[in-house]
Amino acid sequence: MQLGELKLGESAVVVNVGGEGQLRKRFLDLGITKGTRVTMARIAPFGDPVEIQLRGYRLTLRKSEASIVEIEPAEDSE
Amino acid sequence: MITAALVGNPNCGKTTVFNKLTGAVQKTGNWPGVTVERKQGFLRGAPKDDILVVDLPGIYSLSPYSPDEVVSRDFLIGDSESRPDVAICIIDASNLERGLYLLTQVADLRIPMVVVLNMMDVAEKIGMRVKADALSEILGCPVVETVGTKGQGTSAIGEAVQSAYEERTVPRTISYGNAIDDCIERLIPIIKETVRDDLLRWVSLKIIEGDSMVMAELDESTAASARSVVEELEQQVSDDGMQIIATARYKAGEAIRDGCVEHTESVDESERISERIDRILLNKYLAWPIFALVMFTVYLVSVQTVGLAISDYINDELVVWVQDHAAEAMDSAGVDTVVADMMLTGVIGGVGAVIGFIPLIALLFAFLVFLEECGYMVRVAYMLDRVFTYFGLSGKAIIPAVIGIGCSVPAIMGTRVIEDESNRNVSIICTSFMPCSAKLPIITLIVGAFFGASALVITSLYLFGIVMILISGLFLKKFRGFIGRPSPFVMELPVYHMPTVRNVMFGVKEKSWSFIKNAGTIILLSAVLIWALSSFTFTGEYLGDSATTDSILSAIGKALCWIFVPLGFGGSETWELTVASFTGIAAKENLLATLAVLLDSAVGIDGLPTMEVLTEYLSVTAYPEAVAMSFLIFNLICAPCIASIAAIYRELHSHRKLLLALLYQCATAYGVAGIFYQGYVLLHGEVGLGVLWLILFIAVPVYVILSKRPFGFITGGKEEVQE
Ligand SMILES: Nc1nc2c(ncn2[C@@H]2O[C@H](COP(=O)(O)OP(=O)(O)O)[C@@H](O)[C@H]2O)c(=O)[nH]1
Ligand SMILES: [Mg+2]
């Protein structure tokens, strides 16, 4: 599953950050690393970009960009 | 002297702390070769040695991708002789993990370090207690707790820097787990010959990451053997170097965090104030009306009411007062009438008109800096991104456009928020399409005279600016050098913060300064030049107070006005409009002043033409309102003032690109004004040769926008046209 497909309010855990170059490095630098828990927090008024909650802060990115991040649904233990 | 580099994530409060540390005396400039701002200043009340604080740009990492990051890493690495003595690493205590991620990278550079835990108040509010002494213990360097906005704790930073410098408190080596640490051990002997001793660990990590800049500096055989070591690691953990390192650094950061944070109570994410504000401001239905309301309020206060009142006072009272007294003084001193006229009309009148704008500009910037600092501006970009991507631009393009309502110069500088070069180029060229405050009097006058001062028409002119930027996105992207996808929109949405008065004042000062500098130089010069051109004939005969149709300026205008025939204001009976448009290039404020001089009739007390004069003047044309509007449109879009042109040049770094930019602006202005005028004429049932112009003006852009193949001109940049 890809990060862009996450539904509003759902959480997941990052499995892998694909893609390459600057965009990929930017994602990693911002804390989207393996094992990180991410939550889809909001969708912009026109449906894109989206707002992701992770590591105690909010990140916005376009759905197309989010597609390089592979996730798997979080077992809702937290 | 101790040189201390200030490093931190964007929005961690770096500017606030920097302002607190250095006070009002700061030096702003650019880093050599790149358009990244460099600020530095001496620490006030340094305990012993002088401490020079250099403010590095806000960054998340020391990667080689953005100019901000490259500037920061180059400065921190330095060379064996000049390296900063201390790194002050500012961390947002409420956002520890990301701050610590950057901190681990700075720590690897082996510079004495001081950690500043800022936003302690925010951390407390969300139920976190960060123990500075525990953090200091883990890292092995001084840690200072601060609340930047209140100035709490900042005075201790000087002491900490001094002691870090004297005791060389380089942070402890941070472990990234056995696999990586072993790999570093194996890499060090390979690179030992070629790399500075203090950088061995950092370079090793960068090699694992596959950092292009570091790899490029290794010779071939070293690089090859280093790479084979890294490949072993990659196989062992079955992942690639870049991801391995980022993951490990965040893990190390988490470990440090766990060692120094106590959770006092858990405050639910969704109950934070910032989230509650966003639920309204970013609400699907309310976001737009609120944005419109915010912009309207800014406009109303700074331009229409308060700002206007102060400006009027300066123009009508102060400048006139100065003029009267100067006239008297020169009269009694027996100054030559030509010189006196130059001083009064040219110098005092010209510069006075600009100074009158300063309160308006300052107020406008106060609002804009506030919106930016509190965190709303990023959210506007977020809201609008979807619309902008449709035109091949990023939502970030709205930020310079909004600043452009104040003045194009800082707006053009503000395009630096857009990372991708081709996207940024579009914004640099089109930002001046927004009606800046200097264009406002022209708008008010023309809309007042011909459209009953309709607020709707005025507002549409601002929307028109945005629409022109968007269309330019589609158009310019068909040319090499501008081709590219909308730059990525991966950004932090910072929590809302109440900006301090001090920060806003600093911002206003910084941004208004370029405007004031222009008043003193370019506008002064051009005012004198225009005065001279309109007061003398070609034979050097002085025409006296009121310029007549014999002046040099008039001759030029009459010779060139045919250019504007397709736009409706090129007739020989309206040559004054041609001259005014030309003088507008020096400064848009000149435009009306020139018109006033040329129309040589009753002018308003502010030295600008009155609506009656304008209406009467244009009554000789067939469609006065269309002529006026076409003139207005042309001047809103065409090449901006000299100051903005200089700013465009600074950002584009190339004469050739600058020339093309100006050409594009003028051609667009010409085309759009032409479409308006000829369209208007056609709609009024007059079918003539003008229709050919109309077809041409519409066909060219449509052809370019629909074209599948890119056009030449500028080399460089990516080659294919995006889908
Ligand atoms: N509550 C709180 N707000 C702060 C603190 N330090 C800075 N701010 C606010 O945070 C916002 C961003 O600060 P700024 O200095 O511009 O951050 P920069 O992007 O790192 O330069 C501003 O609105 C500041 O007023 C702090 O310690 N506590
Ligand atoms: Mg700042």
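Asp121(B) reaches ligand 1 through its side chain: one of its polar atoms lies 2.8 Å from a nitrogen atom of the ligand. This is a predicted model. Gly148(B) places a backbone N or O atom 2.8 Å from an oxygen atom of the ligand.

Which residues come nearest to ligand 1? There are 20 residues around the ligand, and Lys14(B), Thr15(B), Thr16(B), Asp121(B) and Gly148(B) come nearest.

**Backbone geometry**

In general, most residues other than glycine have a negative phi, and most peptide bonds are trans. Two places depart from this pattern.

Met119(B) has a positive phi, near 60 degrees, and is not a glycine. Where does Met119(B) lie? It lies in the loop that runs between strand 6 (113-118) and helix 4 (120-125) of chain B.

In chain A, a cis peptide bond joins Asp48(A) to Pro49(A), with omega about -10 degrees. Pro49(A) belongs to the loop between strand 2 (37-43) and strand 3 (50-54) of chain A.

Two packed helices are described by the angle between their axes and the distance between the axes.

| Helix pair (chain B) | Axis distance | Angle |
|---|---|---|
| helix 13 (residues 287-333) and helix 16 (residues 376-390) | within 11 Å | roughly 135 degrees |
| helix 21 (residues 455-476) and helix 28 (residues 624-637) | within 11 Å | roughly 45 degrees |
| helix 19 (residues 421-430) and helix 30 (residues 655-683) | 10 Å | about 55 degrees |

Take helix 13 and helix 16 of chain B. Their axes cross at roughly 135 degrees, so the two helices are oblique to each other. Helix 13 of chain B passes helix 16 of chain B in a left-handed crossing. On helix 13 of chain B, the contact uses Ala287(B), Trp288(B), Ile290(B), Phe291(B) and Val294(B). Helix 16 of chain B contributes Tyr376(B), Val380(B), Met383(B) and Leu384(B). By class, this contact has nine nonpolar residues, no polar ones and no charged ones.

Next come helix 21 and helix 28 of chain B. They cross at roughly 45 degrees, which makes helix 21 of chain B oblique to helix 28 of chain B. The crossing is right-handed. Helix 21 of chain B supplies Val457(B), Leu461(B), Phe464(B) and Met468(B). From helix 28 of chain B come Met629(B), Leu632(B), Ile633(B), Leu636(B) and Ile637(B). This contact of helix 21 with helix 28 of chain B has nine nonpolar, no polar and no charged residues.

Last, helix 19 and helix 30 of chain B. They pack at about 55 degrees and are therefore oblique to each other. Their crossing is right-handed. Glu421(B), Asn425(B), Ile429(B) and Cys430(B) represent helix 19 of chain B in the contact. Lys657(B), Ala661(B), Tyr664(B) and Gln665(B) represent helix 30 of chain B. How do the residues of this contact of helix 19 with helix 30 of chain B divide, and into what classes? They divide into four nonpolar, two polar and two charged.

Conventions:
Residues are numbered from 1 along each chain as its sequence is written. Chains are lettered from A and ligands numbered from 1 in the order in which they are written. This is a predicted model: local features need pLDDT of at least 70, side-chain atom pairs count only at pLDDT 80 or more; totals for chains, interfaces and linings use all residues. Side-chain values use heavy atoms; hydrogens and water are left out. Axes are lines fitted to C-alpha atoms, for helices over the stretch in contact, and angles run from 0 to 180 degrees between N-to-C directions. Helices (H or I, at least four residues) and strands (E, at least two) are DSSP runs, numbered from the N terminus. Angles under 35 degrees count as roughly parallel, over 145 as roughly antiparallel, 65 to 115 as roughly perpendicular and the rest as oblique. A crossing is left-handed if the near helix is turned anticlockwise from the far one by less than a right angle, and right-handed if clockwise. Contact means heavy atoms within 4.5 Å. Ala, Val, Leu, Ile, Met, Phe, Trp, Tyr, Cys and Pro count as nonpolar, Asp, Glu, Lys and Arg as charged, and the others, Gly among them, as polar. A residue is near a molecule or strand if one of its heavy atoms lies within 4 Å of it. A polar contact is a pair of N or O atoms within 3.5 Å; within protein, one must be able to donate a hydrogen and the other to accept it, and residues adjacent in sequence count only if both atoms are side-chain atoms.
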